[in-house]
Amino acid sequence: MNRGRTATTEASGIMLVRGSRGRARVTHAVVVIFLEFFAWGLLTTPMLTVLHETFPQHTFLMNGLVHGVKGFLSFLSAPLIGALSDIWGRKSFLLMTVFFTCAPIPFMRISPWWYFALISVSGIFAVTFSVIFAYVADITEEHERSTAYGLVSATFAASLVTSPAIGAYLSAQYGDSLVVLVATVISVADIAFVFFVVPESLPDKMRLTSWGFPISWEQADPFSSLRRVGKDTTVLLICVTVFLSYLPEAGQYSSFFLYLRQVIEFSPAAIAAFIAMVGILSIVAQTLFLGVLMRTIGNKNTVLLGLGFQLFQLAWYGFGSEPWMMWAAGTVAAMSSITFPAVSALVSVSASADQQGVAQGMITGIRGLCNGLGPALYGFIFFLFNVELNDIPPVAGRPAQVTEKSMIPGPPFLFGAFAVLFALLVAIFIPDHRLDDAKTCKTGSASAAHPQSAGPLATPTSDTEDIEPLLQDSSM
């Protein structure tokens, strides 16, 4: 008996050691996001050059078309990938999304046409955030999930603090080829990190109980999910809020840096410093302020506050004509970055434990659609108002044209402000779910989904082996 007990103890000890070594952590998600977007941040300057060389006429309209195809494909594929990751696990789909998102990078120098074609097609799998947020939801409790989402979103901002400036410096000193090479190496490192280091986050017990339930077409059809959204008022309001708030953000991201250079007359060094300032302040907002706001004013009010900052920021961008106005609006933009992690936390609370991938996939799909519509819409509005966005140096011997500053230098940003105003009005009607009520509902849905767990040998839905201990909130 003693030998049997000793053998059992040793075996359990070995299992604990293995489990502790291979346990999924939020830091895994942070590293994956940082490397992916750091690689793309390096390509900010070369991207503008390749765009202008490949599409000399209506550069940003063509940019919007390319990203429009990518965004629409992401919209179509995000629910399916999210649902499949709920059954087959996160790691394999995380590896797939990172690979296809980074695959176009080396083709920037090999063949620009193939590069833009691959960017468009990569939208089928370029939904890393969907899998990452589901990954984080697997290993965190509800009360700490907003903090974890804020950390992941802050990592996205951190990856853009220095990467555009580094890419611009390397491009000026050594050429675009070196920048593309460095970005490719970082992308390969990110893929290798996912393959060799990142562990599976979805508990085995959840995957094993899901194998008998294949994915139906209704789960994978994004339009079917949108029709189901209409039946749930809360989810409908959240999705409309995400669409109206992220549409101008996506358009702004595609054209704002060149807008600063061409219309506001920022120098390249000032643009790099602006990106760094907004990135650092966004990190502070999403790591420090977000957790405090979530605990003090609640999830819904945090979303409303973030939308208010975004409204003020876009209006300032639209009417601002001086550099100091852009710097001041940039500080407000950093505070508006709390909106999406707060919305993601709100969605995660509303979804059951085995539907996190589907829920986050739906939100990511809407953001993917905005990533396509936003750049095209902004480029079209700039075109309608005759705002020249082509960064073309003046011809030698010919004086540069002096453009008069209009009363509204940035019409697309003013349009974005109106869109966010509607998003704010919609978000007001989102029900303010209490965390305790959400936990009760989730517990009931989990027990209903797994009735066999009611036996004496049942395993709790979330145990300490699946929870990231570093995010425990002692105040809760």
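Helix axes are lines fitted to C-alpha atoms over the stretch in contact, and the angles between them run from 0 to 180 degrees between N-to-C directions. In this predicted model, helix 8 (residues 128-139) and helix 9 (residues 142-174) pack at an angle of about 145°, and their axes lie 10 Å apart. The chain as a whole holds 21 helices and 0 strands.

**Packing of helix 8 and helix 9**

- The crossing in which helix 8 passes helix 9 is right-handed.
- Helix 8 contributes Phe129, Ile132, Phe133, Val136, Ala137 and Ile139 to the contact.
- From helix 9, the residues taking part are Glu144, Arg145, Ala148, Tyr149, Val152, Ser153 and Phe156.
- Sorted by class, this contact comprises 10 nonpolar, 1 polar and 2 charged residues.

- Thr339 belongs to helix 18, which spans residues 339-350.
- With a relative accessible area of 6%, Thr339 falls under the 20% cut-off and therefore counts as buried.
- Leaving aside residues up to four places away in sequence, Thr339 touches Val303, Gly306 and Leu307.

**The chain as a whole**

- The chain has 476 residues, and 51% of them count as buried.
- Its accessible surface comes to about 22300 Å², with 68% of that area belonging to carbon and sulfur atoms.
- Of the contacts between residues at least 6 apart in sequence, 86% join residues at least 24 apart.

Methods:
Residues numbered from 1 in each chain as written. Predicted model: local features only at pLDDT ≥ 70, side-chain atom pairs only at ≥ 80, totals over all residues. Heavy atoms only, no water. Helix = DSSP H or I, 4+ residues; strand = E, 2+ residues; numbered from the N terminus. Buried < 20%, exposed > 50% of the residue type's maximum accessible area, 1.4 Å probe, protein only. Contact = heavy atoms within 4.5 Å. Areas by Shrake-Rupley, 256 points an atom, 1.4 Å probe, with all protein chains shown as cover. Left-handed = near helix turned anticlockwise from the far one by under 90°. Nonpolar A, V, L, I, M, F, W, Y, C, P; charged D, E, K, R; others polar.
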